[in-house]
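Here is a note for a colleague who is starting to read this structure. Please keep the sequence and the model side by side while going through the points.

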Amino acid sequence: MPPATTSRRAAPLPPDERRAAIVAAVLPLMIDQGVGTTTRELARAAGVSEGTLFNAFTDKDELICAVVDAVLDVEPFERAIEAIPTDATFTDRLVAATETIQRRVVDIWKLMSQLDPARHPRVRKGPFPESPALTALLAAEADQLRLVPADAARLLRALTLSLSHPHMVDTPRPADLIVDLFLNGARR
């Protein structure tokens, strides 16, 4: 007779870790399918039961607010910029940075455009915070720029936003075109 197998539950996570894991798991689903995604679908994406979802969050609105906080968090963006290989050419590093900015712009827009501000008041007011990682990337090649790196970083982010945001263009422009415009302008 084969030995009996016993089902072992994973060790429970501390509440903050459980919440963070759920948010990380449902974030892509909510960006892709919207805040109207059912709690059953959210629980399935997180690999938990709906009961566990509601043990971690008091209701769906609290989960949505946590997802909004996560999508607006600048730390993952900063880490992605810092992870760009420094041995790549300046232009290639800028293209990689621009692609990262584009993903962030589109993800934020997809999520935020679906929110009811009365129920989800997490919309940030004022300008986006500076990006030390993007400024550092540009500072490494400051001799190729006529702007100080912090101003150049703001300009690249603004140009990327305007050429990627779904309300500004039908189709986001390729990152290499944005970088070419940033570095060389529109003149032939």
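1. Helix 6 (residues 90–112) and helix 7 (residues 132–139) pack at an angle of about 165°, with their axes 11 Å apart. Because angles over 145 degrees count as roughly antiparallel, helix 6 is roughly antiparallel to helix 7. Here axes are lines fitted to C-alpha atoms, for helices over the stretch in contact, and angles run from 0 to 180 degrees between N-to-C directions, while helices are DSSP runs (H or I, at least four residues) numbered from the N terminus.

2. The model is predicted, with local features needing pLDDT of at least 70 and side-chain atom pairs counting only at pLDDT 80 or more, whereas totals for chains, interfaces and linings use all residues. Residues are numbered from 1 along each chain as its sequence is written, and side-chain values use heavy atoms, with hydrogens and water left out.

3. Which residues of helix 6 meet helix 7? They are F90, R93, L94, A97 and I101, and their partners in helix 7 are L134, L137 and L138, where contact means heavy atoms within 4.5 Å.

4. The largest nonpolar core has 25 residues, and those with the most contacts inside it are M30, L63, V67 and L111. Such a core is a set of buried Ala, Val, Leu, Ile, Met, Phe, Trp, Tyr and Cys residues joined through side-chain atoms within 4.5 Å, with buried meaning under 20% relative accessible area (1.4 Å probe, protein chains only). Apart from this core lies another, of 22 residues, among them I84, L94, V105 and L156.

5. Leaving aside its neighbours within four places in sequence, V67 is in contact with V23, V26, L27, M30 and L111.

Technical notes
Buried means under 20% relative accessible area, exposed over 50%, partly exposed in between (1.4 Å probe, protein chains only). Helices (H or I, at least four residues) and strands (E, at least two) are DSSP runs, numbered from the N terminus. Angles under 35 degrees count as roughly parallel, over 145 as roughly antiparallel, 65 to 115 as roughly perpendicular and the rest as oblique.
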